[in-house]
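Please find my notes on this model below, as numbered points.

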Amino acid sequence: MGLSVAEAAVRRGLHLVPVSFSSREKVKTTIQVGQTDIRIYGPSAREDVLSSVADEFPDVIVVDYTAPDSVNSNAELYCKLGLPFVMGTTGGNQQLLYKSVQDSKNYALISPQMGKQVVAFLAIMRIFAEQFPGAFSGYHLEVLESHQASKKDTSGTAKDVIASFEKLGVPYDMNRDSICMRL
């Protein structure tokens, strides 16, 4: 996802900072996005490299589509360094994530879903659930979602849809019921 966003940014004429991070120490050292060679660093270099980036590019905004197990530590580092960020992933401890940002008074946009049509659909589902609680009591509904094969955690979009279904009266047990995902 991060690579797709970087490619879209380049097509729109935005400047990419030539730095990226991996959740693994041993990674390919560079990738090319447009005409920019992006150097990839492992987790142990994050703080030093990001500090340098903040000095060299004072108006930088970090865009993070990280692995689920890196969400909180990445956000805590961005907050510590005062780097505004956009995070589009569903992993981590969401309460701790929001608390880290709030306590730091850092700027952040955090959403498991960035597609405007899907965001609109989720808003419609929330409104529907609030206006018609229990409307689907007695029904069984399934969540079927297509996703990239590299998706490592349960879809945040699916979780949001399920939360609305539950308010509409459809019980859903995340441990028992499956979320059908097409890869």
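1. Lys99 is partly exposed, with a relative accessible area of 45%. (Buried means under 20% relative accessible area, exposed over 50%, partly exposed in between, with a 1.4 Å probe and protein chains only.) Lys99 forms a salt bridge with Asp103, and the closest N and O atoms are 2.6 Å apart. A salt bridge here is a side-chain nitrogen of Lys or Arg within 4 Å of a carboxyl oxygen of Asp or Glu. The two residues are four apart in helix H4, so about one helical turn separates them. Helices (H or I, at least four residues) and strands (E, at least two) are DSSP runs, numbered from the N terminus.

2. On provenance: this is a predicted model, where local features need pLDDT of at least 70, side-chain atom pairs count only at pLDDT 80 or more, and totals for chains, interfaces and linings use all residues. Residues are numbered from 1 along each chain as its sequence is written, and side-chain values use heavy atoms, with hydrogens and water left out.

3. How many salt bridges does a search of the whole structure find? The count is three. Another one is Arg126 with Asp160, the closest N and O atoms being 3.3 Å apart. Arg126 belongs to helix H5 and Asp160 to helix H6, so this pair ties together parts 34 residues apart in sequence. Arg126 is partly exposed at 39% relative accessibility. Asp160 is also partly exposed, at 25%.

4. Glu47 pairs with Lys80 in a salt bridge, with 2.6 Å between the closest N and O atoms. This links distant parts of the chain: Glu47 sits in helix H2 (residues 46-56) and Lys80 in helix H3 (residues 71-81), 33 residues apart. Glu47 is partly exposed at 35% relative accessibility. Lys80 is exposed, at 58%.

5. Which residues of H5 are buried? They are Leu122, Met125 and Ala129. Down the axis of H5, they fall within an arc of 60 degrees, so they line one face. The arc is taken from the directions from the helix axis to the C-beta atoms. Helix H6 (156-167) is included in what covers them, contact meaning heavy atoms within 4.5 Å. The face turned away carries exposed residues, among them Lys116, Ile124 and Glu130.

6. UniProt places "domain: Dihydrodipicolinate reductase N-terminal" (unreviewed entry) at residues 1-105. That span is 41% helix and 18% strand. Lys105 lies in the loop between helix H4 (94-104) and strand E6 (108-110). Its phi is near 60 degrees, a positive value in a residue other than glycine. Lys105 is exposed, at 70% relative accessibility.

How values were computed:
UniProt positions renumbered as here; feature names shortened; annotations may be inferred.
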